[in-house]
Structures are given as C-alpha cells and as structure tokens.
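Subject: Structure for you to take over

Hello,

I am passing this structure on to you, with notes on what was found in it. Please read them alongside the model.

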Amino acid sequence: MDRVYAAWSELRTSLQEAEPDALIVIGTDHFQTFSYDLMPVFTIGRGAELRTWGEFGSGTKRLRGMPELADALHADLVHSGFDVAGSADMRLDHAYSCPLAFLTPDDSLPVVPLSVVAFVPPLPPLARCRALGIALRRAIERQDGVGRVAIVGTGGISHWVGVPETGRINPEFDRHFLELFERSDVEALDSLSDDTLVRDGGPGAGELRSWLVVLGAAGSMGARRLAYEPVDAWITGTSLVEVAVA
Amino acid sequence: MSLLDLQRAIYHLSTAGEQAGQATDPATALSRLIELSRSEVLAELPAIQLQLELDPHESELIERGDVAGMYRYGVHPNLIRNFAGVFGIDYLACYREAGL
C-alpha cells in the first residue's frame with residue numbers, strides 16, 4: 001500500500017506542476033446516478049456544481065464543475081459523431097471522488113466528469129473508447145475558453161464485486177494489461193473482448209474503458225507505470241500510470 | 001412484475017439518501033417506496049413518476065434482504081452490492097451460506 005500511496009503523491013505533484021486550468025475525469029457510474037431508467041453510454045457532466053454520493057461512508061462533497069468547458073466539449077463531440085449525453089446534475093460516485101481525494105484533496109481544480117458505461121450492456125468497444133479519447137483531444141484543442149486541461153481516467157484493474165468471486169484479484173491479467181498499455185499496443189488493446197475482460201479481470205475490468213479514453217486523448221504514445229499492487233483491502237488490482245502526451 | 005422492476009426498486013432503495021438511511025430494514029424501506037410511487041402528489045409530476053409493479057416473490061426478495069435470491073433471479077451484481085451496503089448486509093457471507 002505504501003507504494004500505491006507514494007504513487008498517488010507523485011501523480012499529485014505532477015498534476016500540480018502541470019498547472020492545468022481544469023481536470024477532466026473519465027470514470028464509470030456504479031448504479032448511483034444512472035439506472036435502467038436511463039443509462040447513456042457516454043455522459044458529460046455540465047453542471048457548475050457536482051455533488052458526490054458519499055457512498056461507503058466517504059462523505060458527500062460539492063465539487064466545482066466547469067460548464068463552459070463541458071458545454072464546448074459536449075457540442076464538439078456530438079458534431080464529431082459521438083452521441084454523448086449531457087447532464088446538468090450529474091452526481092459523482094466513488095469512481096470520481098476517490099481519485100480526486102488523492103489528486104486534488106483541496107478541490108483546487110474545477111472538474112468536468114465524463115462517464116463511460118462499463119458493466120451494463122450494451123458496452124462500447126474498447127476501440128470506440130479510444131476513438132472517443134482522440135475526439136476529446138481535438139475538442140479540447142478546438143475550444144478557446146480554457147487554457148490547460150488535464151485528463152484522468154479511473155477504474156480497474158481486476159476486481160470482482162457483487163458476485164460470489166468478490167475479493168478475487170488476478171495479477172497476471174493486470175500485468176499483461178499494463179504491459180500492453182505502457183507500450184500503447186493499440187491493436188492488442190482494441191481487440192480485448194468483453195469476454196476476456198470479464199473472465200480474466202472480473203466485471204470490474206470493464207472500467208478499463210476509461211484508460212482507453214485517456215490513451216486516445218494523449219496520442220497513444222506510451223505510459224509509465226508508477227505502481228502496481230494487488231490490494232486485498234480494496235479487493236482490486238491497483239495501478240497508477242502516467243500517460244505520455246503527444 | 002419483472003426483473004427490470006425489481007432492479008429499479010433496488011436502485012431507488014439504494015440511492016434514496018436520507019430515506020434509505022432512516023429505514024434500517026429493507027421491508028420498511030420498500031413499503032415507503034411503494035407508498036411514494038403511488039402518491040397522488042407524484043401523479044402531478046410526470047417527469048418524476050415512479051411506477052413499480054413487483055410480484056410477491058420480488059417483494060419478498062427485497063423485504064427479506066435475500067441477496068442470494070436476488071443474484072439467482074438475475075439482479076445485476078452492482079445493484080446487489082449497493083443494496084447490501086445501504087442495509088448492512090454481508091452479501092458475500094449470504095452467498096456462501098446459499099452455496100453460491
């Protein structure tokens with residue numbers, strides 16, 4: 001765990017040194033905000049204020065959103081062929097609040113959340129998620145309201161939750177995925193099927209879609225692993241990776 | 001009377017915030033949710049109308065907090081996890097006990 005916390009600290013420092021004006025967080029809702037009543041494949045949070053759910057006793061917070069950036073990105077993505085939904089009141093669950101607690105504990109950065117469905121079919125293929133990232137990058141570059149934008153993708157790696165195998169972690173799968181991701185083997189990543197993800201990484205591995213969005217946005221130039229640990233306390237194969245930006 | 005309505009009920013029970021927190025048992029929480037869904041007040045607000053139709057078996061799964069039964073019925077595991085978290089149910093222990 002010490003290595004994981006140290007990696008969080010390193011990422012936090014790296015983020016601070018980059019001096020972004022806003023932070024886009026790619027994550028997956030866990031039946032907190034979205035349900036079978038409505039579950040868009042991709043959703044961007046457009047509110048000026050973003051409430052967190054505070055589940056698992058984490059406490060509720062009100063984070064700053066950035067409507068002007070969110071609206072610009074939303075419009076550009078739709079015009080680029082991605083039917084992203086927009087939510088004026090998108091509450092954020094632990095997929096967002098946990099990483100943000102480590103990266104921006106003082107809530108110093110306004111946040112634009114982007115949700116990607118990861119375990120309620122039909123699921124977007126990993127290639128589609130990486131393509132979304134590419135379109136997101138272009139959208140960021142085309143808007144002129146916000147200067148520097150950082151992007152964080154959260155989720156995975158292997159974890160089984162809500163099922164009889166809960167608690168299982170698969171380091172072999174995790175390390176294999178990390179190797180592919182670090183060298184940006186997009187062909188291999190794009191071809192990872194849902195069956196493989198679920199069989200080898202658990203239903204939670206579907207969240208790796210967020211990683212593919214970030215990789216696409218960064219230009220698929222590789223990544224540097226800061227830490228990987230199978231963390232039993234979090235029942236998750238946990239890794240922090242910094243992505244090279246083209 | 002469907003897996004969908006069961007899952008919708010579980011979702012609302014798990015995310016009702018203060019309402020879920022005040023009700024320490026699933027049966028009371030479900031009773032309140034059903035009452036709310038039939039509220040004449042909500043009938044005036046079509047945008048947030050909640051219509052639930054649960055058969056006796058589905059209602060019983062919730063009232064008894066029968067997470068193993070929910071799993072066998074096909075409820076999404078993440079919904080079960082959330083429900084179990086709100087009502088303090090050790091779903092893994094329940095699964096083991098049920099032979100899952």
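Helix axes are lines fitted to C-alpha atoms over the stretch in contact, and angles run from 0 to 180 degrees between N-to-C directions. Helices (H or I, at least four residues) and strands (E, at least two) are DSSP runs, numbered from the N terminus. This is a predicted model, in which local features need pLDDT of at least 70 and side-chain atom pairs count only at pLDDT 80 or more, while totals for chains, interfaces and linings use all residues. Residues are numbered from 1 along each chain as its sequence is written, and chains are lettered from A, ligands numbered from 1, in the order in which they are written.

Two helices of chain B

In chain B, α3 (residues 26–37) packs against α5 (residues 56–63) at an angle of about 130°, the axes being 7 Å apart. The two helices are therefore oblique to each other (under 35 degrees counts as roughly parallel, over 145 as roughly antiparallel, 65 to 115 as roughly perpendicular, and the rest as oblique). B:Pro26, B:Ala27 and B:Leu30 of α3(B) meet B:Ser59, B:Ile62 and B:Glu63 of α5(B) (contact means C-beta atoms, placed from the backbone, within 7 Å).

Where the chains meet

Contact between the chains involves 16 residues of chain B and 16 residues of chain A. On the chain B side, α1 (3–14), α7 (77–87) and α8 (91–97) each supply at least two residues. The largest share, seven residues, comes from α7(B).

Strand β6 of chain A

Six of the six residues of β6(A) (residues 111–116) are buried, so this strand is largely enclosed by the rest of the structure. A residue is buried if 20 or more other C-beta atoms lie within 10 Å of its own, exposed if 12 or fewer, and partly exposed in between, with C-beta atoms placed from the backbone. One side of β6(A) carries A:Val111, A:Pro113 and A:Ser115, the other A:Val112, A:Leu114 and A:Val116.

β6(A) pairs with β1(A) (residues 22–27) in the parallel sense over five bridges; strands pair if DSSP finds at least two bridges between them. A:Ile24 has A:Val112 as its bridge partner in β6(A). β2(A) (residues 42–45) runs antiparallel to β6(A), joined by three bridges, and A:Thr43 stands opposite A:Ser115.

The cores

A:Ile24 and A:Val112 are among the residues with the most contacts inside the largest nonpolar core, which has 55 residues. Such a core is a set of buried Ala, Val, Leu, Ile, Met, Phe, Trp, Tyr and Cys residues joined through C-beta atoms within 7 Å. Apart from it lies another core, of 24 residues, including B:Tyr11 and B:Val86.

Regards

Conventions
Contact = placed C-beta atoms within 7 Å.
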